Structure formats: structure tokens, C-alpha cells
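Trainee: I would like to go through this model feature by feature. Please give the general idea each time, then the case at hand.

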Amino acid sequence: VLMLAFAGAVLATAIRAASDPLARWLRLPDVVAVSLVSIIALAILIGGGYLFGQRLAEEASALWVALEEAWGKFREFVGKVPVGENAMANLESGADPEAIGKVAKGTFTVFGGLADVVLVLFLAAYFAADPRSYRRGLMHLLPRSVRERAADAFDASGVALKKWLIAQLVAMLTVGLLTGIGLMMLGVPLAIPLAILMMLLDFVPVIGPFVAAIPGVLIAFSESPQLGLYAALVYLGVQFVEGNIVMPLAQKWAVSVPPALSLLGIVAFGLVFGVIGVLFAMPLLVVTMVLVQKLYIERLDQ
């Protein structure tokens, strides 16, 4: 329940990030601006699904088939080496299909169900339309002596989360574009679906890009080992650009999260909340860092 509420708050923050400038420019009430942004976003999703849904489904199906073929070729190649044959045998023995199925089923039941998705959408709409009411209600749960400090901390965490989301969106778009261009220049099959996968999984730093690179390298490797090496270099180059150019520029404006702390946060929130904790580890970490700074560290310095 906590994670569903937080997911709604994250989505509401994204909606407010788009609706606040619209309300200022057009001098609209907050509710009207939020409604316009929500309707536009919904129209884009529905229109995109109608126009490109079949193409995306075909690309996803082709990507899955290509991955199966690539995995078979990779296993055959590695199996020629004695050490590699033993490693593949251990890997396949550890991959219990029943256990994997239970994990997937549990993930779908906990968060991936349609009811939970609809709940998050409604929560986001309510939070975005009138965030002050929920903020006041939360403050009333706290003693009067700490309300002012807590209110400042929550406001600061909201601003930090909004800036982080905008910076992360820029990084995701950049990573997806660079990955697509690099793979297409190499002639890797299904470069566009692989780029989209990279862009989406980049929302989870450190782990997400690594997971997204595996299908691309495998598919390129199925064409030739040399192409697989070049594809791996493309992924490494994109991560170098993101880590050393894109994110430092974005973090000058948004909150800066050290890579080691990001990795620890992903592991910690994943252990506590499961898959949904991994997906929302970075927003949780951003909010936690600001709250600790405002409520604990600044108090120690006084």
C-alpha cells in the first residue's frame, strides 16, 4: 500500500511538473491545468497505441524470437570451451522455471495487476489536482512543535523529486537516442526496439542499463562475435556519455545522487519492497536524502 501511494505521488509530481508552467503561462486554475496535462498524456498513450501498437507488438515478438536464437548460438559458442560448458550447466540448473514463474506471478499480483495500475492513476490524479489538502492532512498527524520543520522538509523533497524526474527524463531520452543511432550504424538487428528497451530500463540506474545491454549484445553476437564486441562498446560508450556528460550537467540543476549510494539504495529498497522497490528505488532515495538532510543533518549543525 505504501509503495502504491508513493508510485501515485511520483506520477503526480510528473504531472505537476508539466501542469505548473502551463498554469502560469495561460493563467489557468491548477485543476484545469492538471486536467489538460492528464488528457493530453492519455491521448498520446491511446493514440500511440492505436497508431503504433501493432508495430510495437510485432517488434517485441521479433525481439523475443531473436533473443531465443541468440541465446542458443551463444550457448553453443560458450559450450565449446570446457569452463564455459560447466558454467552454462550451472546457470541452467539454477534457473528453475517454476521458481521464475512464481516470481513473475507474484510481481503481477502485487503491482502489475490492472486494478493496481488503475489505482495508481487515480491516486496520481487526486494528488496532482489538490496536493495542498493531502499535505495539510499529513501535517496534522504530527505534533505542533515539528510541523513547520516537517512541512519545509516535505516541500524540499517534492521540489527535489520534480527536478530529478525532469533530469532523468532528459537522460533517458539521450540514452535511447544514442543507443539507437549506435546500433543502427553497426547494423544490429532490431536496433529501435533495443533502444526503446534501453531508454525505459535507464529509469533504474546501474542495474537497468546493464540488463538492457544484455539483449543487444546477444543479438549482435548471434550475427558475429565481432559485431557483439562492437555492440558492447556502443553500450559502454553510451553509459560513459551519460555518466560523465549528461548526468553531471543534469545534477547541477537537480539533486546529485552518488553512484555507490544509488546501488545500495536499489539493493536496500529491493529487499524491503521487492520488484516495485527496485523500480522506484531512485525516487525513494531522492526523497529520503532530502528528508534526512532537512530533518536530521541540519538539526545537528544548529
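Trainee: How many salt bridges does the count come to by this rule, a side-chain nitrogen of Lys or Arg within 4 Å of a carboxyl oxygen of Asp or Glu?

Mentor: The count comes to five salt bridges. This is a predicted model, in which local features need pLDDT of at least 70 and side-chain atom pairs count only at pLDDT 80 or more, while totals for chains, interfaces and linings use all residues. Residues are numbered from 1 along each chain as its sequence is written, and side-chain values use heavy atoms, with hydrogens and water left out.

Trainee: Which residue forms a salt bridge with aspartate 20?

Mentor: Start with helix geometry. An α-helix has 3.6 residues a turn, so residues three or four places apart point the same way. Here the partner of aspartate 20 is arginine 16, with the closest N and O atoms 3.1 Å apart. Both residues lie in helix H1, four residues apart, about one turn of the helix. Helices are DSSP runs (H or I, at least four residues), numbered from the N terminus.

Trainee: Is aspartate 20 buried or exposed?

Mentor: Buried means under 20% relative accessible area, exposed over 50%, and partly exposed in between (1.4 Å probe, protein chains only). Aspartate 20 is buried because its relative accessible area is 18%. Arginine 16, at 13%, also counts as buried.

Trainee: Where in the chain are aspartate 30 and arginine 132, the two residues of another pair?

Mentor: Their side chains meet in a salt bridge at 3.4 Å, N to O. This pair links distant parts of the chain, with aspartate 30 in helix H2 (residues 30–79) and arginine 132 in helix H6 (residues 131–140), 102 residues apart. Aspartate 30 is partly exposed, with a relative accessible area of 25%, and arginine 132 is partly exposed at 48%. Arg16, Asp20, Asp30 and Arg132 are linked in a network of salt bridges.

Mentor: Aspartate 155 and arginine 135 form a salt bridge as well, at 2.8 Å from N to O. Aspartate 155 is in helix H7 and arginine 135 in helix H6, 20 residues apart.

Trainee: Next, the core. Which residues touch the most other members of the largest nonpolar core?

Mentor: In soluble globular proteins, nonpolar side chains tend to be buried together. A nonpolar core is a set of buried Ala, Val, Leu, Ile, Met, Phe, Trp, Tyr and Cys residues joined through side-chain atoms within 4.5 Å. The largest one has 26 residues, and Phe6, Val10, Trp164, Leu165, Val257, Phe280 and Val286 touch the most other members. Helix H1 (2–26), helix H7 (144–186), H11 and helix H13 (281–301) each give two or more residues to this core. H13 supplies the largest share, seven residues. A second, separate core of 21 residues includes Ala70, Val175, Val188 and Leu190.

Trainee: What does valine 286 touch?

Mentor: Contact means heavy atoms within 4.5 Å. Not counting residues up to four places away in sequence, valine 286 touches Ala160, Leu161, Trp164, Val255 and Val257. Valine 286 is in helix H13 and counts as buried because its relative accessible area is 0%. Its C-alpha atom is separated by 8.6 Å from that of serine 256, 30 residues apart along the chain. With sequence neighbours within four places left aside, tryptophan 164 is in contact with Phe203, Ala254, Val255, Met282, Pro283 and Val286.

Trainee: What is the phi of arginine 27?

Mentor: Most residues other than glycine have a negative phi. Arginine 27 has a positive phi of about 55° although it is not a glycine. Arginine 27 lies in the loop between H1 and H2, and counts as exposed at 78% relative accessibility. Leucine 190 also has a positive phi, near 55°, and is found in the loop between H7 and helix H8 (191–201).
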